[in-house]
Amino acid sequence: MNKNGILVVVSGFSGAGKGTLVRKLLEKYDNYSLSVSMTTRNKREGEEDGVSYFFVDHKKFEQTIIEDGLLEYASYCGNYYGTPKDYVKKQLAQGKDVILEIEVQGALQIKKKYPTTLLLFVTPPSGEELITRLRTRNTETEEDIMRRISRAAEEVDSISKYDYLVINDNIDECVDELHNIIASAHNAPIRQQDLIDRLKNELDILSKGE
Ligand code: 5GP
């Protein structure tokens, strides 16, 4: 059994539905905690400070970088986004699997620093579906939507660096698929080093006839 939780990154193109997926995953299963990111982007209608994001100005964000308060950070479509360190560390220590809903650059930084991180990439079934979802949610200007589509075109090349690619076609099925992948990932040897070390010790002793 793993005492600590695992770090799970959920990335995907803007508009892939990761926000809804992650919300439903947390509603349905109680072994997850969601990391709340810090950002310099403007608050959208319905978003709450400290819940959706910690909304800060550039000065505060840069100060947090200097103080080494972020696990990772990246610039995305003209704004900074980053993961505050303390909350994530506390939740992992309490045995929670911590979900980071972050973009590709940040995901790859995290994987490099913490190789046991599980990287999941969520995509809609097609590019057409992606642009339709972005337009339907009606939260960005057409210019911003096109920036997000260009960014998606760049992000495609990084998908192969992820551990799993999940198609978000049916949301409820996708939630269960994510949960099953995360549950199985706990048993990957890379996340079972404590057990492997214990077995090694025990078998060393037994093999010496002690
Ligand atoms: P949005 O502006 O649509 O809320 O987020 C834009 C992108 O930034 C999304 O892909 C989202 O997953 C990503 N993002 C949100 N928080 C973080 C973070 O803390 N770090 C990084 N690297 N990306 C983030």
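## The interface between the domains

In this structure, 23 residues of domain 1 are in contact with 19 residues of domain 2, contact meaning heavy atoms within 4.5 Å. The model is predicted, so that local features need pLDDT of at least 70 and side-chain atom pairs count only at pLDDT 80 or more, while totals for chains, interfaces and linings use all residues. Residues are numbered from 1 along each chain as its sequence is written, and side-chain values use heavy atoms, with hydrogens and water left out.

Domain 1 covers 1–31 + 96–210 and domain 2 covers 36–94, with bounds that come from an automatic or database domain assignment.

| Domain 1 to domain 2 | Value |
|---|---|
| Distance between C-alpha centres | 19 Å |
| Buried area | about 1,700 Å² |
| Carbon and sulfur share of buried area | 54% |

Buried area is the accessible area (1.4 Å probe) that two parts lose on being put together, summed over both. Of the area that domain 1 buries against domain 2, Lys96, Val98 and Arg148 supply 24%, more than any other three residues.

The count between the domains is one salt bridge, a term that requires a side-chain nitrogen of Lys or Arg within 4 Å of a carboxyl oxygen of Asp or Glu. The side chains of Arg44 and Glu140 meet in a salt bridge, at 2.7 Å from N to O.
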